[in-house]
Amino acid sequence: MTNSFDHTEAWYPVHYLKDLDQSQPTQFTLLGRDLVIWWDKVADRWRVFDDQCPHRLAPLSQGRIAEDGLLECPYHGWAFTGEGRCDRIPQQTEDSSAQTSQRACVTALPTTECQGLLFVYPGNPENAPNVKVPIVEPLDDSPEGWVCIDTFRDLPYDALTLLENVLDVSHVPFTHHRSVSDRAYASPVELEVTESGKHGFKGVWEQGPRKGTLGRQDTTFIAPTLMWHDLTSKQFGRTMTVVYATPIRKGECRLFARFPFKFASKLPGFFIKLTPSWYSHIGQNGILEDDQIFLHYQERYLAAKGGSSKFSKAFYLPTKADQFVFELRQWVNQYNADPFPDQPLPPRLSQETLLDRYHSHTVKCKSCSTALVRIRQIRRGVAVVGAMAWAIIPLLALFFDKTATVAAIVSTGVALIASFGWFGLGRLERRFYEGRTIPPRNLAQG
């Protein structure tokens, strides 16, 4: 259909630039298509290829960046330039030139860098220059004074489910009770769509969150991957909730969450800048897990009832609080905008897998993976100190007389502090691996 939304003809964020490693290839899957991201030091830029060597289809992401800066296949050492051209085939004789064949080339995708993100265009490369990159326009319109908290995570549900959830402002007081909100803030929500079309929509919540105490909130959805809420209040200044939902495959997406602030006072921004990224990420992962499990189930229930095309029968949406959800589903249906039409969802995952943090975030995040290594090192050091302190106590009693008591007390104190430190660091370490099984909203009232 000419009026259909073609998901391949759009720019998608695939990685924060700060988390990419220039020394080795990185694998990513976009719209079910396996890709390899690598740093081309010859051209001084990031490249993205199909993750298949044309020789025997080995994944290039398992290879390396060779000494001359080319991407080298791990299977037989074929090497490729930044444009995807094969530069050498070690197995051929000197008088051969198989590397010049078009069949020896790898498909290179258009890339660009904007606002700290690497974007990829999976469609026709000739169209890429004419398609607008989905950026957060307020950050460019008035770039001074913003303080931004960034995080990401691979989520076990569709990009559309993620967008639908974040557009649904009325769930926050209940789902995120005692994490970032409170049930006491719940009140009637009347949302209004002000603009709508093939490339997204805009809306407004005149009253705004927390029973209108913070002021009006504006919402923008830029198809197919970006949305944000924009709120300016006298108490806090301007705050935004920005979400990119990049579709990996059916039932899985990568969330890029950004929280830009322009505070009325400089003090909050100062403390945010002092806070390590890994510490913020632990908190943000906890917030994501508030609704992670039931969203994984919810989209399967919707699929069983006919999917997006039957959403108005599957969902009962009697209030204006669901206006943005309704508009998103209408957009999907009107423009045939499901990125994976007719594909079934994968089987349900276990709760342990749904709450996994290590593979969905930590190992892919430079700040968190570095912090985890350091915490392990400190914990080992604390264990050694504690063991030495406990070992010294009986020796003091054996070889000393008058000073033994004081020294034993000191050694015992050091040993106890080390023990508490070891257990505390162990608890912190686990937070890089797994989420909480009971969300804060369901904890007993203290």
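**Reading the features**

Analyst: The sulfur of Cys253 lies 17 Å from the closest cysteine sulfur, in Cys365, which is too far for a bond, because a disulfide is a pair of cysteine sulfur atoms within 2.5 Å. This is a predicted model, in which local features need pLDDT of at least 70 and side-chain atom pairs count only at pLDDT 80 or more, while totals for chains, interfaces and linings use all residues. Residues are numbered from 1 along each chain as its sequence is written, and side-chain values use heavy atoms, with hydrogens and water left out.

User: Which cysteine sulfur is closest to that of Cys365, and how many disulfides does the rule give?

Analyst: For Cys365 the closest cysteine sulfur is in Cys368, at 3.7 Å, again too far for a bond, and the count by this rule is 0 disulfides.

User: Is Cys253 buried or exposed?

Analyst: Buried means under 20% relative accessible area, exposed over 50%, and partly exposed in between (1.4 Å probe, protein chains only). Cys253 counts as buried because its relative accessibility is 0%, and Cys365, at 1%, counts as buried too.

User: Which residues have the most contacts inside the largest nonpolar core?

Analyst: A nonpolar core is a set of buried Ala, Val, Leu, Ile, Met, Phe, Trp, Tyr and Cys residues joined through side-chain atoms within 4.5 Å. The largest one here has 34 residues, and those with the most contacts inside it are Leu162, Phe221, Met227, Leu255, Leu328 and Trp331. Among the elements that give two or more residues to this core are α2 (159-167), β18 (252-262) and α5 (277-304), where helices (H or I, at least four residues) and strands (E, at least two) are DSSP runs numbered from the N terminus. Helix α2 gives the most to this core, with 6 residues. Apart from this core lies another, of 28 residues, among them Tyr121, Leu139, Ile222 and Phe432.

User: What does Leu255 touch?

Analyst: Taking contact as heavy atoms within 4.5 Å, and not counting residues up to four places away in sequence, Leu255 touches Thr151, Phe152, Arg153, Leu155, Leu162, Val243, Tyr244 and Leu288.

User: Where is Asp87 found?

Analyst: Asp87 is found in strand β8 (residues 86-88), and at 33% relative accessibility Asp87 counts as partly exposed. Leaving aside neighbours within four places in sequence, Asp87 is in contact with Leu70, Ala79, Phe80, Thr81 and Gln99. Asp87 and Cys105 are 18 residues apart in sequence, yet 9.1 Å apart in space, C-alpha to C-alpha.
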